[in-house]
Amino acid sequence: GIGSSWNAARVKCLVEHRDKDVIAISSYTQEAFLTALPSLFGYLCPTQYQVKITEVKPWVSSSSTTTNSSVRFIEFVNLGVHIPSTLSLTLSGLATGTITLPTEGIAQGQYVVVWDADDAD
């Protein structure tokens, strides 16, 4: 609801929990709306997880002289919403396995590099 004449009681028959399901915005100004906008996403927008693979090194180079360049890896960026640590990522194909996420999860725009620990020795 937006504005001073908004009355949440008018829509109580439409929502299960009026205090949680109705978000009041004090006035119809851009600042007030932008302040309230993040709290609306959970209600208005579906959660879409989207990662894009940005770099892959599928084999170990036997001619490499440095440890870092002889490790297989996959790099990706999170283009979707924040991925919480309660989820895990599963890879299949070039690399197969499940990745346990860090405590803070993976933020939108964050890059992640997954490497083959057996190559790093």
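User: Contact means heavy atoms within 4.5 Å. Going by that, which residues is Asn78 in contact with, leaving aside its neighbours within four places in sequence?

Analyst: This is a predicted model, and in it Asn78 is in contact with Gln50, Val51, Ile83, Ile106, Ala107, Gln108, Gly109 and Gln110, once the neighbours within four places in sequence are left aside.

User: Is Asn78 buried or exposed?

Analyst: Asn78 has a relative accessible area of 0%, and buried means under 20%, so Asn78 counts as buried.

User: And which backbone oxygen lies 3.1 Å from a polar atom of its side chain?

Analyst: That is the backbone oxygen of Ile106, which lies 3.1 Å from a polar atom of the Asn78 side chain.

User: Where does Asn78 lie?

Analyst: Asn78 lies in strand 2, which covers residues 73-78. This strand is mostly covered, with five of its six residues buried.

User: How many bridges join strand 1 to strand 2, and how many join strand 2 to strand 5?

Analyst: Six bridges join strand 1 to strand 2, while five join strand 2 to strand 5. As a general point, strands of a sheet pair through backbone hydrogen bonds, either parallel or antiparallel.

User: New topic: which residues make up the largest nonpolar core?

Analyst: There are seven of them, namely Phe76, Ile83, Leu89, Ile99, Leu101, Ile106 and Val112. In soluble globular proteins, nonpolar side chains tend to be buried together.

User: What is Phe76 in contact with, again leaving aside neighbours within four places in sequence?

Analyst: Its contacts include Leu89, Ile106 and Val112, which belong to that nonpolar core as well. Phe76 is also in contact with Val51, Lys52, Ile53, Thr54, Gln110, Tyr111 and Val114.

User: Stepping back, how many helices and strands does the chain have?

Analyst: The secondary structure comes to two helices and five strands, and from the N terminus on the elements run α-α-β-β-β-β-β.

User: What share of the residues in the chain is buried?

Analyst: Buried residues make up 19% of the 121 residues. The chain exposes about 9,000 Å², and carbon and sulfur atoms supply 55% of that area.

User: What about contacts between residues 24 or more positions apart?

Analyst: Among the contacts with a separation of 6 or more, residues 24 or more positions apart account for 45%.

User: Last one: where is Ala8 placed, and what does it touch?

Analyst: Ala8 is in the segment before helix 1 (18-21), and, not counting residues up to four places away in sequence, it touches Arg18 and Val22. Ala8 and Arg18 are 10 residues apart in sequence and 7.1 Å apart in space, taken C-alpha to C-alpha. With a relative accessible area of 23%, Ala8 is partly exposed.

Note on methods
Residues are numbered from 1 along each chain as its sequence is written. This is a predicted model: local features need pLDDT of at least 70, side-chain atom pairs count only at pLDDT 80 or more; totals for chains, interfaces and linings use all residues. Side-chain values use heavy atoms; hydrogens and water are left out. A nonpolar core is a set of buried Ala, Val, Leu, Ile, Met, Phe, Trp, Tyr and Cys residues joined through side-chain atoms within 4.5 Å. Buried means under 20% relative accessible area, exposed over 50%, partly exposed in between (1.4 Å probe, protein chains only). Two strands pair if DSSP finds at least two bridges between them. Helices (H or I, at least four residues) and strands (E, at least two) are DSSP runs, numbered from the N terminus. Accessible areas come from the Shrake-Rupley method with a 1.4 Å probe; for residues, only the protein chains shown count as cover. A polar contact is a pair of N or O atoms within 3.5 Å; within protein, one must be able to donate a hydrogen and the other to accept it, and residues adjacent in sequence count only if both atoms are side-chain atoms.
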